[in-house]
Amino acid sequence: MPFENLTVDSSARPARLQFAPGFNAATAFVDRHLGEGRGAKVAIRTTGGAEVTYAQLAEQVNRAGNALAGLGVKRGDRLLMMVKDCPEFFYLFWGAIKAGIVPVPLNTLLRAADYQYMIEDSQCTAVAWSPEFAGEVKPALAALRRPPPVLLPVQGEGQTVQAVLAAASPQLRAVPAGATSTCFWLYSSGSTGRPKGAVHRHRDMVATSQLYGSDVLGVKESDVCFSAAKLFFAYGLGNGMTFPLWAGATAVLLDARPAPPNTFETIEKLRPTLYFGVPTLYAAQLQALESARPDLSSVRLCVSAGEALPADIFRRWKERTGLTILDGIGSTEALHIFISNRDGDVRPGTSGKVVPGYEARVVLEGGAPAPAGEAGRLHVKGPSTAAFYWNNPEKTAATMLGDDWLDTGDTYVCDAEGYYRYEGRSDDMLKVGGIWCSPIEIEARLVAHPKVLEVAVIGAPDAAGLVKPEAYVVLREGVPASHALADELMLHCKSHLAPYKFPRQIHFVPELPKTATGKIQRFRLRQLAEAQKA
Ligand code: 3UK
């Protein structure tokens, strides 16, 4: 497959990718289709009934690049995007890249304080948001001493994305970039400290789309991809945008928060062949399938990532729907899945085997390789890993190990046959519904409540085996524990934190287990939680 500035030998395993100087990813994902006669093919279909062909996509991408440049956004400048899953997400993202501007999709479930931090940290020039998120974006902008100069709601009154696109030229030449020059960023959260901007290069989406999308999932031109996981998440960005665009396939977009009814409706109406979810959603869908019988016959394969898929969910889904779920582990830093199960080769309860094109190693404390069957820290190397974290040399040095090796922060076991099994995090971070959640952030919110003296938050498995945050709370002297107070504390979290960051259970305790030096022993609480559930 030769085209401008890139040669792909997909007969080789792993596929060989050769980037010429000046390579700009937008030409490979968007413009290529015009030359390949795919202009009239539908690239995007929305649940609202909109259809965008490859020719229309290419034109809108050009308009977006020109509009941003015309507003004064320069090469290398950042465009922050709090944009729902809609065609404008594609236009802004690829238009920016084609014009040499760096798009930064943000989690649209976050709160004003999070956005304020990211706007300041990124020193962005432009912010674009869907009106649905104005309630958090506008206070963030208002709190800034120097707000970014270019502010663009997607639609509405005055200067909007839709208005500037309509006024811009539909012709744009791609700005010459290069395989390893900066293309886009994604923010990732840590247990302590603030989110980190992972800086991705022009080659990275090509690598994930070919090595995992095409070579593991077999995404073809005839496929229709539907990702319940949103585009702002590296997982959704691949599933719902780069994989279908790479293959000349069709992406299906649902702009609402995914839940069993709307995801089933989308599958029935737009008939995707590939469906991408997270374990929490599969669990909720299984529950809904007890009373609903949606027609899922268009789907050939399902994918799960974000957190470990319990073997029981895999089996029940197979029983109910006849469909296989491929669990695979990816990360924001690696961009997409690098260890995965395969169609026809699934080990339920594991993440599967290394995706060809990537290397993985499990290392012991001192750095020596772990023997098969022994737990250690998972490292990964591949052609899609982030170059560094923006403005954060310490975290960069701790995670990016050099020579494209990354420390995932996960504990894994690799068995003698090469299957990798997840054993937990090496830090206190939790995955809730596939999205990072810091127990420390929830604790900080809870201790801000006037009735709370001390608190520790841990992850505890729910009935489906999926981790949810639970809080152990010591109340101030004289404050009685009650169900009403537990509800009040949950609300106190929900009102200020992203909606998935609240304790699903609150345990009132007289004291917290601590070390001699006063450090809270979260592992003791985890043992307590396990003992109580057993
Ligand atoms: C955990 C998993 C067990 C693991 C992601 C697919 O989740 C993604 O990216 P994030 O940066 O989180 C990365 C961390 O999440 N994890 C993800 N998948 C699995 N643990 N089994 C799994 N299947 O701790 C990892 O380090 O939010 C997933 C594609 C792209 C992604 N960014």
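This tour visits selected salt bridges of a predicted model.

Local features are reported at pLDDT of at least 70 and side-chain atom pairs only at pLDDT 80 or more, whereas totals for chains, interfaces and linings use all residues. Residues are numbered from 1 along each chain as its sequence is written, and side-chain values use heavy atoms, with hydrogens and water left out.

A salt bridge here is a side-chain nitrogen of Lys or Arg within 4 Å of a carboxyl oxygen of Asp or Glu; the count by this rule is 33.

Select Asp85 and Lys230 to begin. Their closest N and O atoms are 4.0 Å apart, forming a salt bridge. Asp85 sits in the loop between β6 (78-82) and α3 (87-98), and Lys230 in the loop between β12 (224-227) and α8 (234-247), 145 residues apart. Helices (H or I, at least four residues) and strands (E, at least two) are DSSP runs, numbered from the N terminus. Both Asp85 and Lys230 are buried, that is, under 20% relative accessible area, with exposed meaning over 50% and partly exposed in between (1.4 Å probe, protein chains only).

Next, select Asp415 and Arg347, a salt bridge with its closest N and O atoms 3.8 Å apart. Asp415 lies between β23 (405-414) and β24 (420-425) and Arg347 between β17 (337-340) and β18 (353-354), both in loops, so the pair ties together parts 68 residues apart in sequence. Asp415 is partly exposed at 26% relative accessibility, and Arg347 is partly exposed at 29%.

Glu443 belongs to helix α13 (residues 439-447) and Arg522 to helix α15 (residues 522-533), 79 residues apart. Glu443 and Arg522 are both buried.

Finally, select Arg32, Glu36, Arg38 and Glu221, which salt bridges with shared partners join into one network.
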